[in-house]
Amino acid sequence: MVMKTRDKFIEVARQLFARKGVENTTMNDIASASDKGRRTIYTYFKSKREIFNAVIESETDQLLNRLRHIVALPVSPEEKLMEYVECRFETMKEIVSRNGSLRAGFFRDVRKVDRARKIITKKETAMLRDILQEGVEKGCFAIPNLNHMAVIVAQAIQGLDVPYIRDNLSEEGINKNMLKDYMTRLILNGILIR
């Protein structure tokens, strides 16, 4: 399958950002590595920031597609939440590790992290709200305010992205599997009807 020009620019930029870092990659580098002229890249992207944002959006689309698949599974809401937490952590780890130098520069700039999170937070919150709503409708979950709970759960999971990816909690005796399990239990114990 022939990759569309815009998609090719995004993938080549992702690879260059991962290898050289965002700061050390120029629009010329991206155009040259794509076997396209500099003018062509500027018909798709006005700046390196714009192509960087497109790379981040492309990466987060992978995460969102996996999470949408989980929301659509014909399993209980509890199982969906467990799958969601595991998939979220593992996919973020894959994305970050695949992107080498991009990850280093990305995590140094809190504004970049916030921009990337804003892209997906609303979508993740909506998916979590769907799972929570299903649990309420099936009599599994007791949640006074679905919107608030979805926001809190999304933020709680996102807040553990970096510790999970870097395995920072291992010094506390908490490995990645334990973290996924504890996070799921924390969520479920707060909303399950007993």
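Contact here means heavy atoms within 4.5 Å. I start with that because my opening count rests on it. Of the contacts in the chain with a separation of 6 or more, 69% come from residues 24 or more positions apart. I also note that this is a predicted model.

**Entry: the whole chain**

I looked up the secondary structure next. The chain has 10 helices and zero strands. Read along the sequence, the pattern is α-α-α-α-α-α-α-α-α-α. For the overall extent, I took the box filled by the C-alpha atoms, which is roughly 65 × 35 × 30 Å along the principal axes. Then I checked burial: 42% of the 194 residues in the chain are buried.

**Entry: H4 and H5**

How do the axes of H4 and H5 cross? I found that helix H4 (residues 48–71) and helix H5 (residues 77–98) have axes that come within 10 Å and cross at roughly 165°. The cut-off for roughly antiparallel is over 145 degrees, so H4 is roughly antiparallel to H5. I put the handedness down too: the crossing of H4 and H5 is right-handed.

I then went through the residues that meet. From H4 they are Glu59, Gln62, Leu63, Arg66, Leu67, Ile70 and Val71. On the H5 side, I listed Lys80, Glu83, Tyr84, Cys87, Arg88, Thr91, Met92, Glu94, Ile95 and Arg98. Sorted by class, this contact has eight nonpolar, two polar and seven charged residues.

**Entry: Arg88**

I picked one residue from that list. Arg88 sits in helix H5. Is Arg88 buried or exposed? Arg88 has 0% relative accessibility, and buried means under 20%, so Arg88 counts as buried. I looked up its contacts, leaving aside neighbours within four places in sequence. Arg88 is in contact with Leu63 and Leu67, and also with Ile120, Glu124, Ile157, Gln158 and Asp161. Leu63 and Leu67 were already in my notes as H4 residues that meet H5.

**Entry: Lys180**

I moved on to Lys180, which lies in helix H10 (residues 176–191). Its relative accessible area is 7%, so Lys180 is buried as well. What does Lys180 contact, leaving aside its neighbours within four places in sequence? I wrote down Val85, Glu86, Phe89, Glu90 and Tyr164.

Lys180 and Ser47 are 133 residues apart along the chain, and their C-alpha atoms are separated by 38 Å.

**Entry: Pro163**

My last stop was Pro163, in helix H9 (residues 161–166). I read its relative accessibility as 18%, which is under the 20% cut-off, so Pro163 counts as buried. Not counting residues up to four places away in sequence, Pro163 touches Asn168 and Leu169. I looked up one distance here: the C-alpha atoms of Pro163 and Lys176 are separated by 9.1 Å, with the two residues 13 apart along the chain.

Definitions and conventions. Residues are numbered from 1 along each chain as its sequence is written. This is a predicted model: local features need pLDDT of at least 70, side-chain atom pairs count only at pLDDT 80 or more; totals for chains, interfaces and linings use all residues. Side-chain values use heavy atoms; hydrogens and water are left out. Axes are lines fitted to C-alpha atoms, for helices over the stretch in contact, and angles run from 0 to 180 degrees between N-to-C directions. Helices (H or I, at least four residues) and strands (E, at least two) are DSSP runs, numbered from the N terminus. Angles under 35 degrees count as roughly parallel, over 145 as roughly antiparallel, 65 to 115 as roughly perpendicular and the rest as oblique. A crossing is left-handed if the near helix is turned anticlockwise from the far one by less than a right angle, and right-handed if clockwise. Ala, Val, Leu, Ile, Met, Phe, Trp, Tyr, Cys and Pro count as nonpolar, Asp, Glu, Lys and Arg as charged, and the others, Gly among them, as polar. Buried means under 20% relative accessible area, exposed over 50%, partly exposed in between (1.4 Å probe, protein chains only).
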